[in-house]
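This report goes through one protein model.

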Amino acid sequence: MSLINYVCILVATFSIIISIFLVFRERKNTDKTLLNLKKMLDSAIDGSFNEEIYDETKVSAIESQMGRYLAGCVVSSKNIKKEKEKISTLISDISHQTKTTVSNILLYSQLLSEYQLNDECKELVNNLIYQSEKLSFLIGSLVKTSRLETGIISVLPKKNSVVDLIYSTISQAKPKAQSKGIKIILEKCDYTANFDMKWTMEAVYNILDNAIKYSSPNSKINVKAKMYEMFCRIDIKDSGIGIEEFEQSKIFARFYRSISVADKDGVGIGLYLAREIIFAQQGYIKVKSQKGKGSIFSVFLPTECPD
């Protein structure tokens with residue numbers, strides 16, 4: 001073998017060694033970069049991220065860019081937290097101030113109604129009481145909605161009896177139903193699901209209240225529950241005015257009011273609040289309706305606590 005052949009073999013061998021070394025070093029650097037990125041993401045998730053510990057002279061460009069991005073996210077998160085705290089304080093102030101004022105208006109109106117008044121004055125006082133009660137309901141609903149949206153109030157789902165939920169809700173709605181001669185029929189059930197009793201009662205009551213409001217006098221409302229593998233479904237079926245198909249996706253929007261029910265009492269926040277409460281518990285609401293033939297509102301509550 002000639003000298004040239006030996007030199008070629010030596011150069012080839014040296015090149016292979018250099019290539020292996022470069023590949024190994026690149027892989028090692030890649031692993032180090034990935035490890036650093038993982039540490040950065042973990043620290044950002046648990047809230048301990050600190051931009052100063054990542055020096056651009058010691059880390060790659062990707063790490064540096066990721067560091068700046070995460071630092072911006074941390075700042076944004078802190079700003080959002082501060083805004084929520086401000087909103088929480090504002091809502092508390094509004095709730096306190098308006099509750100006292102409206103309560104006083106109602107009290108004075110009721111005291112005024114006890115005096116000997118002529119028919120015209122009695123009508124004015126009754127209107128004042130009615131509007132005050134409506135304002136009190138609106139403010140209360142807005143405060144509840146705002147607290148849910150800002151996380152000031154959180155639902156705490158746990159195993160509860162579905163029949164207890166339905167019975168309590170019907171008891172709350174019964175006086176209004178009886179005033180219209182409406183009979184609420186409950187089919188027997190013995191199920192449990194995962195939900196917050198207090199808040200879910202409010203959600204189901206809002207749906208049942210709507211069923212009473214938009215049903216004809218002396219009609220019936222059927223309430224039943226059905227168990228599935230992952231959800232328990234509560235159906236509230238009425239024979240009221242029904243909902244147009246194009247409106248069925250709109251009725252859960254805040255303050256939405258159909259032109260067809262403009263003459264009915266309401267502010268368009270009950271169904272919105274109901275959906276927010278159920279959604280916060282990993283559940284959902286469906287509606288099936290036909291104009292002039294009534295509606296079925298179905299509330300789906302998880303049977304197990306979500307992981």
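Does phenylalanine 300 count as buried or exposed? The relative accessibility of phenylalanine 300 is 9%, so this residue counts as buried; the cut-off for that class is under 20%. The model is a predicted one.

## Overall layout

The protein has six helices and seven strands. Along the sequence these elements follow the pattern α-α-α-β-α-β-β-α-β-β-α-β-β. Of its 307 residues, 35% count as buried.

## Aromatic pairs

Searching the whole structure gives four aromatic pairs. One of them joins phenylalanine 231 and phenylalanine 300: the ring centres are 6.4 Å apart and the planes stand at 85°, so this pair is edge-to-face. The pair links distant parts of the chain, with phenylalanine 231 in strand 5 (residues 231-237) and phenylalanine 300 in strand 7 (residues 295-302), 69 residues apart. Both phenylalanine 231 and phenylalanine 300 are buried.

Phenylalanine 300 also pairs with tyrosine 284, and this pair is stacked, with 4.4 Å from centre to centre and 5° between the planes. Because tyrosine 284 lies in strand 6 (residues 284-289) and phenylalanine 300 in strand 7, the pair ties together parts that are 16 residues apart in sequence. Tyrosine 284 has 35% relative accessibility and therefore counts as partly exposed. Through ring pairs, Phe231, Tyr284 and Phe300 are linked into a cluster.

## Positive surface patch

Which residues form a positive surface patch? The patch is made of Lys224, Lys226, Lys237 and Lys288. Among these, lysine 224 is located in strand 4 (residues 220-227). Its relative accessibility is 36%, so lysine 224 counts as partly exposed; that class lies between the 20% limit for buried and the 50% limit for exposed.

## Tyrosine 108

Where is tyrosine 108 found? This residue belongs to helix 2, which covers residues 61-113. With a relative accessibility of 54%, tyrosine 108 counts as exposed, because that class requires over 50%.

Tyrosine 108 and valine 125 are 17 residues apart along the chain. Their C-alpha atoms are separated by 9.9 Å.

How values were computed. Residues are numbered from 1 along each chain as its sequence is written. This is a predicted model: local features need pLDDT of at least 70, side-chain atom pairs count only at pLDDT 80 or more; totals for chains, interfaces and linings use all residues. Side-chain values use heavy atoms; hydrogens and water are left out. Patches are made of residues with over 30% relative accessible area and no salt bridge: like charges are joined within 9 Å, nonpolar side chains (Val, Leu, Ile, Met, Phe, Trp, Tyr) within 5 Å. Accessible areas come from the Shrake-Rupley method with a 1.4 Å probe; for residues, only the protein chains shown count as cover. A salt bridge is a side-chain nitrogen of Lys or Arg within 4 Å of a carboxyl oxygen of Asp or Glu. Lys and Arg count as positive and Asp and Glu as negative; His and the chain ends are not counted. The place of a charge is taken as NZ of Lys, CZ of Arg, CG of Asp or CD of Glu. Helices (H or I, at least four residues) and strands (E, at least two) are DSSP runs, numbered from the N terminus. Buried means under 20% relative accessible area, exposed over 50%, partly exposed in between (1.4 Å probe, protein chains only). Rings of Phe, Tyr and Trp (its six-membered ring) pair if their centres lie within 6.5 Å; planes under 30 degrees apart count as stacked, over 60 as edge-to-face and the rest as tilted.
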